[in-house]
Every structure is written in C-alpha cells, then in structure tokens.
Amino acid sequence: MILILVPDTRPDSPEYKQLLAHLANFPGITTRVHTEVGAEQTLTEIYLIGNTKVLSIEDVSALPCVDRVVRVSEEYRVLGRHKNDDRPTYFDYNGVRFGQDTLNVFAGLCAVDTLEHVEIMIKTLRDHGQVCTRMGAYKPRTSPYSFQGHGKTCLPYVFDLAGKYGIKVIAMEITHESHLDEIRDALYQTGNATGVMLQIGTRNTQNFELLKIVGRQQQLPVLIKRGFGITLDESLNAAEYLASEGNRKVVFGLRGMKTNMGDPHRNFVDFSHVPVVKRLTRMPVCIDPSHSVGSRASSPDGILDIMHVTAQGVTAGANMVLVDFHPAPSKALVDGPQALLMKELPHFLEDIQIAREAYEKRTALAERYREA
Ligand code: PEP
Ligand code: MN
C-alpha cells in the first residue's frame, strides 16, 4: 500500500509526526519513506510493507497528511502500474523529459575511441538538432583480450565536447560502482557541462549489488537493459531494485534476446514487448536496434534491418532509441559492423519521425473507436 502525502508535507510538522506514530502501531507492517524533490513541489510517498490486506483504504486515507492511497499488487511495487494509480509516467532530467508519451533518440558511439571521433559524432548530432547521445567508456566484453573502453581517462573530453555542442544527456554504461564515482567526479570537474544517464547492460541486469548502489543515488537517471537470457518479469524486478532503493528515474531498454532462433539477427528482436512494458509499469521504454540486429544488413526494399526494427518499435510506442553510429566504422574498436554512418543520421531521424507519426495516428484512431 502506498500513501501519497499532500504535496510539500514537512517532515517536522506535527501532523506528519502524528501520521508516523499512527503507522508504527500497525502490527506486522513496516514503512519506507520516499521523497521526490521536484522543481515546483516536494512529494512524499510512504510505502507500507507487510500484511496490508487488513487495512481499509478509507481508514488510511483519513489519516493526517494523506492525499491518496494506492493498493499495490506484489509485483513492481514502485515502478508498476496499479489500480487507481495516477502516479506520473515520466521524469525530467537536465532539461529533457523522459516519459511514456515522449520520444528521445540517443545516437552515438558504442565505445569512445578517439577524441576526434567523439567530436565528429557530437557535432553531427548538434547539426541535426539532437541533445542526447550514447558514449561507452566502460565496455563489458566477451573476451578479456578485447578493448575494454578508455574508462575514466576519456570522461573529461567527452563531457567538455558534449557541453560545447549542447548535448544534455549521455547514456553511458557502468559495470562497477567505482565507475559511478568516476563519472560524478568528471561531471563536477567539467562544471556539469552535460548530464549522464547511467546504463546497466544486459550482462548486469541481475547484478543486484550494483543495482542497489546505482538505485541509492538520485542524481543520475538509469537505463536498465533487459537481461538477454531471463524472463521479462525477472528484468522488470531488476528495474524495481533501482526504484526500491530510491531512484525512480528509470528507463527500461529492450535489446533483443539471446537465441539462435533469432538468426540472422544478433539477438531475437523483442520490440513487440514495448506496449507490454508500458502496460505493466510506468517506465518509459527504450529500444536498442543496434545490439538487437547487430549488422548493416538490408532488405530488397533498400531499408536497413536496423531501420526496420526501429520503425517497428517506434510504431509500437517506444520512448527512446539507443543506436550505434560511427564516423569510420572500420576503425571502431567495438561493434563497427553494426554502426550507422554520419551521413545516414538525417535519413534515420526522418524515418523515425514517420514511425512516430504513425504511432500518434494509431493512438488517435484507437481513441476514436473507443468513443464510438
Ligand atoms: C551497449 O549498449 O553498448 C551494450 C553493451 O548493450 P547490451 O548491454 O544491451 O549488450
Ligand atoms: Mn555495442
């Protein structure tokens, strides 16, 4: 059960203290308080954990400071959608909105290799009106002998260049808690030139200790990828780990499943689950066409498979597209074969726009038929 308090309830107010004292008397029920400090107001939610079935919504609603009460099911308590649940389905970060109604493109380098490539990439994005990108500094690689990413040494120039060209959010995977500190330090050192969305990769979806540490900070939002060999439910529970520790600025990323049944794509594309995740949770949903398809193969219609699956995901309502580009894919140190070229960016963006318009028409059509 979630108690949503009247906005701007002060923790030192007598009513709030009275409420907590009252809750402490409920046998077998513990509480967890979550505070979300927004630009306009501070929202406090109190989670009642334990046997809440014995409590009536009416009684709890009548307690001091309580605005509304939501009875949650066992699953995805914080991030899930529950009956009569009107909690928001978006968050704002560094001036960019991420929601179940918005669409953001994160085109960029799979892995940072040279400063020159970073600058070409970021400048091209700026020239096409983009304010988000992806830049890998810490790369989880199958082979220990493969390039592991430049790590913290590249962060200062990546963040400075992002600031120079107006990039507001960089999606960047971390594989260890020390990377979080390195990113926060570098952001501080560069005067917060840009923002970072931490990425939890598919190999770390169930690295629970990493999830807890990332969830305990509320400064940076998180993109968590679906685990490539586990159920959707297991991956959604992994996202819930982040939120249960306090960070609800979470985007859920679909990136294909590991199975030979998906051949010849690198992973079996799972973008039909975009609406499913939006139905089950309040998270914006990201699709990663690059790591799903894994190649520049194209079909007889002249459209790259990467663009086809992107359109499929966007037409189904995806809210974010994470995609590999590279100025010289043959020189890329990671995932060159799946990278799109700088000159393909306008085509890619226009194609996404067509798919987005199709999605908007489809929702309007559904509404018209619902009303009829
Ligand atoms: C990536 O986005 O660079 C990446 C490694 O993705 P995934 O974790 O989905 O394999
Ligand atoms: Mn990659």
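Which residue lies over the face of Tyr90, and at what distance from the ring centre?

Guide: This is a predicted model. In it, the residue over the face of Tyr90 is Arg97, at 3.9 Å from the ring centre.

A pair of aromatic rings is described by the distance of the centres and the angle of the planes. The structure holds 4 aromatic pairs. One of them joins Phe98 and Phe106, with 6.0 Å from centre to centre and 45° between the planes, a tilted arrangement. Both Phe98 and Phe106 are buried. Together with Phe91, Phe98 and Phe106 make up one aromatic cluster.

Another pair, Phe325 with Phe348, is edge-to-face, with centres 5.8 Å apart and 70° between the planes. Phe325 lies in the loop between strand 14 (320-324) and helix 11 (345-371), while Phe348 belongs to helix 11, so this pair ties together parts that are 23 residues apart in sequence. Phe325 has a relative accessible area of 1%; buried means under 20%, so Phe325 counts as buried. Phe348, at 1% relative accessibility, is buried too.

The loop between strand 14 and helix 11 also holds Asp335, which is one of the protein donors of the manganese ion (ligand 2). The donor atoms are SG of Cys110, NE2 of His291 and OD of Asp335, and they lie 1.9 to 2.3 Å from the ion. Along the chain these donors follow the spacing C-x180-H-x43-D. Cys110 sits in the loop between strand 7 (104-108) and helix 3 (115-127), and Asp335 is 225 residues away from Cys110 in the chain. Cys110 is buried, with a relative accessible area of 5%, and Asp335 is buried at 18%.

A polar backbone atom of Thr202 is 2.8 Å from an oxygen atom of ligand 1. In the side chain of Lys225, an N or O atom is 2.7 Å from an oxygen atom of ligand 1. For Arg255, a polar side-chain atom lies 2.6 Å from an oxygen atom of the ligand. Taken alone, ligand 1 exposes 290 Å², and the protein buries 97% of that.

Note on methods. Residues numbered from 1 in each chain as written. Chains lettered and ligands numbered in written order. Predicted model: local features only at pLDDT ≥ 70, side-chain atom pairs only at ≥ 80, totals over all residues. Heavy atoms only, no water. Phe/Tyr/Trp six-rings, centres within 6.5 Å; stacked < 30°, edge-to-face > 60°. Buried < 20%, exposed > 50% of the residue type's maximum accessible area, 1.4 Å probe, protein only. Helix = DSSP H or I, 4+ residues; strand = E, 2+ residues; numbered from the N terminus. Lys NZ or Arg CZ within 6 Å of the ring centre and 35° of its normal. Donors = N, O, S within 2.8 Å, 3.2 Å for Na, K, Ca; no water. Polar contact = N/O pair within 3.5 Å; in protein donor to acceptor, adjacent residues only side chain to side chain. Areas by Shrake-Rupley, 256 points an atom, 1.4 Å probe, with all protein chains shown as cover.
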